[in-house]
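Morning, everyone. Please have a look at the sequence and the structure on the screen, and then we will walk through them.

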Amino acid sequence: MRFDVVTLFPGMFAAVTDHGITRRARELGLWQLATWNPRDFTSDRHRTVDDRPFGGGPGMVLMAEPLAAAVEAAHTAQRTAGYANGRVVALSAGGRPLTDARVRAWAQEGGATVLVCGRYEGIDQRFLEACVDEEVSIGDFVLSGGEIAAMAVIDAVVRHLPGALKIESAADESFATGLLDAPHFTRPDVWRGCAVPSALLSGNHAQIERWRREQALARTARERPDLIAAARAGGLLDERDERFLRGIAQGAGGANPPAVLNPSSAAATTAAEAA
Ligand SMILES: C[S@@+](CC[C@H](N)C(=O)[O-])C[C@H]1O[C@@H](n2cnc3c(N)ncnc32)[C@H](O)[C@@H]1O
């Protein structure tokens, strides 16, 4: 897989090439990165890439031509490397929100992508209409530039490339099952008076799986009820799940109240464990 990033700040991408899972995956040859600075595609002495907005208003707008020339250079490099011209994706607060499903599909498709990072007030609309296939947002907030959003895309996609994760841990992560992930605990089993939930120490695989399922249901119901509705519509909840959710709704909190979701229950768990 290959990403070509059009950016005024190529140095920022060391965050994904030099660290963690994305670094390792790159060293394994699972993905490649090339950056293209629009300033290298200007013809004036000052290497100008932006200008004031027509119609007035604050800030500057990235000009179409240096971006278009950078995308064309990226496509040429992709073809030289044996790829078809990659889809051109602009990072934009006004774009389609990035989802887990989109990220997984992106990783499965593989191939090449051109990511275009905006700056300032944004990008000349004519470039977006003529050269960009899709605008993607990483959330309902405004970043100073598209680089961090592009790196979020790269990180999220690369970790789904086969072989990128040492352990195949993506299967039960948040969203993969339609729910948020269950909470995690590690040693010591009592930390500052807080005990690890007893189900996790039981050694009983079925009990642990059920506990994790209920924690995931409880967390999702509390933080993202929209995901519960989607899971229900998608047939991802069974009768046992529904009973548990009804219990939460009635204030029962389930058979094993979630320690992390409800801090007061952590104390209760600790007291029960200590007894
Ligand atoms: C300061 S922002 C421009 C904000 C724009 N005027 C608006 O109100 O939507 C500069 C650049 O950051 C990037 N950006 C900002 N927020 C983003 C988000 N939530 N997702 C993806 N990219 C974002 C885009 O590339 C954008 O062109």
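First, the ground rules. This is a predicted model: local features need pLDDT of at least 70, side-chain atom pairs count only at pLDDT 80 or more, and totals for chains, interfaces and linings use all residues. Residues are numbered from 1 along each chain as its sequence is written.

Start with the domains. The assignment gives domain 1 as 2-158 and domain 2 as 176-274; such bounds come from an automatic or database domain assignment. Taken over C-alpha atoms, the centres of domain 1 and domain 2 are separated by 39 Å.

Now the sheet. In what order do the five strands run? The order is β2-β1-β6-β5-β7, in an open sheet with parallel pairing. Strands here are DSSP runs of E, at least two residues; helices are runs of H or I, at least four; both are numbered from the N terminus. Two strands pair if DSSP finds at least two bridges between them. At the edges sit β2 (32-36) and β7 (134-137), each pairing on one side only. From one strand to the next, the twist averages 35°.

Look at β5, residues 87-97. Strand β5 pairs with β7 over five bridges, in the parallel sense.

Next, the helices. Helix α3 (residues 64-80) lies across β1 (2-6), β2, β5 and β6 (112-117), at about 160° to β1. Helix α6 (residues 147-158) packs on the sheet too, touching β1, β5, β6 and β7, and makes about 155° with β6. Axes are lines fitted to C-alpha atoms, for helices over the stretch in contact; angles run from 0 to 180 degrees between N-to-C directions. Contact means C-beta atoms, placed from the backbone, within 7 Å.

On to the ligand. How many residues surround the ligand? The count is 20, and the closest are L91, A93, G118, G146 and A149. Near means a C-beta atom, placed from the backbone, within 6 Å. Strand β5 gives the largest share of this shell, four residues.

Last, A112. A112 sits in strand β6. Is A112 buried or exposed? A112 counts as buried because 22 C-beta neighbours lie inside 10 Å. The cut-offs, with C-beta atoms placed from the backbone: 20 or more others within 10 Å is buried, 12 or fewer is exposed, in between is partly exposed. Leaving out residues up to four places away in sequence, A112 touches R2, D4, Q78, Y83 and G86.

Conventions. Contact = placed C-beta atoms within 7 Å.
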